[in-house]
Amino acid sequence: MKHPSTRAVFDYWNRRRGSRPAPERGEINPTDIHQAIGDTFMLAADFIDTWRFRLAGTRICALFCREIKGEAFAELWAAANRKAIEELAAVVEEERVGAVAGLIGRSAEGHVAELEMLLLPLAHSGHARIRALGVLAPTVSLYWLGVTPVEELELMTLRHIEAEQKTRSGPRFVRAAESSRLRHGFVVYSGGREIPPGERTG
């Protein structure tokens, strides 16, 4: 992980979950990650299961030059990425796995910024609607960020965090190679755990 906020939030989430796939929302105390709170967000499902920003830190809102609380998560992305992002949200929620991604943020003027995103599941029950904790932060400070808004996000790299992972070391970025393929919104790399032919989907 490149950004200090990404590492801090991942380590905190990992400590709070212990041996479970994910911690409860009530176990997350923003004051415990105060140094990263400006880059942190929470996503909640609305009544048609669209993920929306329940909370968004000040530095995230500054990237878009507006308050994004209440906006749909998928709407921030380039049209070509929206289906993959919706599938990613479903995998994070249903399979209790996190994801770390490399993004590009583009402005209307053609400016480009490299960003890092962390998306982590939160356990929920009953009518609780908060589903995920995340980080969105630029990997390098650029003069135009916070002055000119990012208009859309583009997904560049993606790696999921296995639910059974017990270590506190962060996942690595891996750039998609020619031998990789997209499966359920994730980049799947040759040489990993093999899936029996009868269980393959997509």
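The model is predicted, so local features need pLDDT of at least 70 and side-chain atom pairs count only at pLDDT 80 or more, while totals for chains, interfaces and linings use all residues. Residues are numbered from 1 along each chain as its sequence is written, and side-chain values use heavy atoms, with hydrogens and water left out.

Let's start with the overall fold. The protein chain has 3 helices and 8 strands; here helices (H or I, at least four residues) and strands (E, at least two) are DSSP runs, numbered from the N terminus. Going along the sequence, the pattern reads α-β-β-α-α-β-β-β-β-β-β. Of the 202 residues in the chain, 45% are buried, where buried means under 20% relative accessible area, exposed means over 50%, and partly exposed is in between (1.4 Å probe, protein chains only). The chain exposes about 10600 Å², with 52% of that supplied by carbon and sulfur atoms; these areas come from the Shrake-Rupley method with a 1.4 Å probe, and for residues only the protein chains shown count as cover. As for contacts (heavy atoms within 4.5 Å), take those between residues at least 6 apart in sequence: 60% of them join residues at least 24 apart.

Next comes a pocket. On a 1 Å grid over the protein atoms alone, a pocket is an open set of points where a 1.4 Å probe fits, with protein on both sides within 12 Å along at least five of seven lines, and lining residues have an atom within 4 Å of a point. The second largest pocket holds about 280 Å³ of space; grid points are joined across faces, edges and corners, and the volume is the space filled by probe spheres set on the points. There are 16 lining residues, and Asp49, Thr50, Trp51, Glu86 and Ala89 are the closest to the pocket's centre. Helix H3 (residues 82-95) gives the largest share of this lining, with 7 residues. Sorted by class, the lining has 8 nonpolar, 1 polar and 7 charged residues. For that sorting, Ala, Val, Leu, Ile, Met, Phe, Trp, Tyr, Cys and Pro count as nonpolar, Asp, Glu, Lys and Arg as charged, and the others, Gly among them, as polar.

Is aspartate 46 buried or exposed? Aspartate 46 counts as buried because its relative accessibility is 16%. A polar atom of its side chain lies 2.8 Å from the backbone nitrogen of threonine 50. Setting aside neighbours within four places in sequence, aspartate 46 is in contact with Arg52 and Arg129.

Helix H3 has a couple of residues to look at too. Arginine 82 is in this helix and is partly exposed, at 27% relative accessibility. Not counting residues up to four places away in sequence, arginine 82 touches Ala74, Glu75 and Trp77. Arginine 82 and leucine 153 are 71 residues apart in sequence, but their C-alpha atoms are 9.8 Å apart in space. Glutamate 94, also in helix H3, is exposed, with a relative accessible area of 67%. From glutamate 94 to proline 121 the C-alpha distance is 9.0 Å, across 27 residues of sequence.

Cysteine 65 is not a glycine, yet has a positive phi of about 55°. This cysteine 65 belongs to the loop between helix H2 (58-64) and H3, and is partly exposed at 36%. Arginine 96, in the loop between H3 and strand E3 (98-107), likewise has a positive phi, near 55°.

Arginine 17 counts as buried because its relative accessibility is 1%. One polar atom of the arginine 17 side chain lies 3.4 Å from the backbone oxygen of proline 21. Arginine 17 and alanine 123 are 106 residues apart in sequence, with 9.4 Å between their C-alpha atoms.

Methods. Polar contact = N/O pair within 3.5 Å; in protein donor to acceptor, adjacent residues only side chain to side chain.
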